[in-house]
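Here are my notes on this one, as numbered points. Have a look at the structure first, then read on.

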Amino acid sequence: MKNRIEEIRSARGIRQEDLAKALGVSRQTISSLENGRYNPSIYLAHKIAKFFGLTIEEVFIFDEEGEDK
Amino acid sequence: MKFEGKVILNIFWVILGAALMALSSFGAIDAAKWFSFGAALLFVGVLQGIKNIKYIKNEKYKEKVDTEINDERNKFISMKAWSWAGYLFVIISGVLTIVFMILGNNQYMMMSSYGVCLIILLYWISYLVLRRKS
């Protein structure tokens, strides 16, 4: 699953550390999410979308090829 | 486990370690066997105690530990590591069983094959329990 976390975060001038703190996760988790190495749970995806004031669909792009990852 | 539970367990290790060391020093139990075991328990207990005090007093450290514990990626990695460990254990035990069978060492062959059987049994029990829960 692809996502726009890095794009949205950079556009708003938010540091990875600050986003991690706001979401209650480690900075490494944010980095892994941005690099597409880790797919978040629906709970974390919801928290991320809510933090940016967007919907889950606006932040995460469902990719059928990566479904088995 | 909650923090209070960890503290109680930690105190238990310290008391048990000190008791084993004392009993082995007075000759009540075999010193060769139990003194070092008691010392190890005491050491782990004290070390964990220092970490617990730091957790209570240092707000920044507490936040770091809490994030590490609650971080969902960390939990995922931990579960995956256990899964890999299980697979590796089965593979290594399986290979060892064959090696010991070829070498004609029946005792070790049986031990390693029992290891494979045990972990497969535990897997199925866990699977059935989790299937009911989920």
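1. Chain B and chain A bury about 720 Å² between them, 48% of it on carbon and sulfur atoms (buried area being the accessible area, 1.4 Å probe, that two parts lose on being put together, summed over both). In chain B, the residues that lose the most area to chain A are Asp71(B), Glu72(B) and Arg73(B), together 69% of what that side buries.

2. A caution on the source: this is a predicted model, with local features needing pLDDT of at least 70 and side-chain atom pairs counting only at pLDDT 80 or more, while totals for chains, interfaces and linings use all residues. Residues are numbered from 1 along each chain as its sequence is written, chains are lettered from A in the order in which they are written, and side-chain values use heavy atoms, with hydrogens and water left out.

3. By contacts (heavy atoms within 4.5 Å), 6 residues of chain B meet 11 residues of chain A.

4. The count between the two chains is 1 salt bridge (a side-chain nitrogen of Lys or Arg within 4 Å of a carboxyl oxygen of Asp or Glu). Lys21(A) makes a salt bridge with Glu63(B), with the closest N and O atoms 3.8 Å apart.

5. As for chain A itself, the C-alpha trace spans about 30 × 20 × 20 Å along its principal axes. Of its 69 residues, 39% count as buried (under 20% relative accessible area, 1.4 Å probe, protein chains only).

How values were computed:
Buried means under 20% relative accessible area, exposed over 50%, partly exposed in between (1.4 Å probe, protein chains only).
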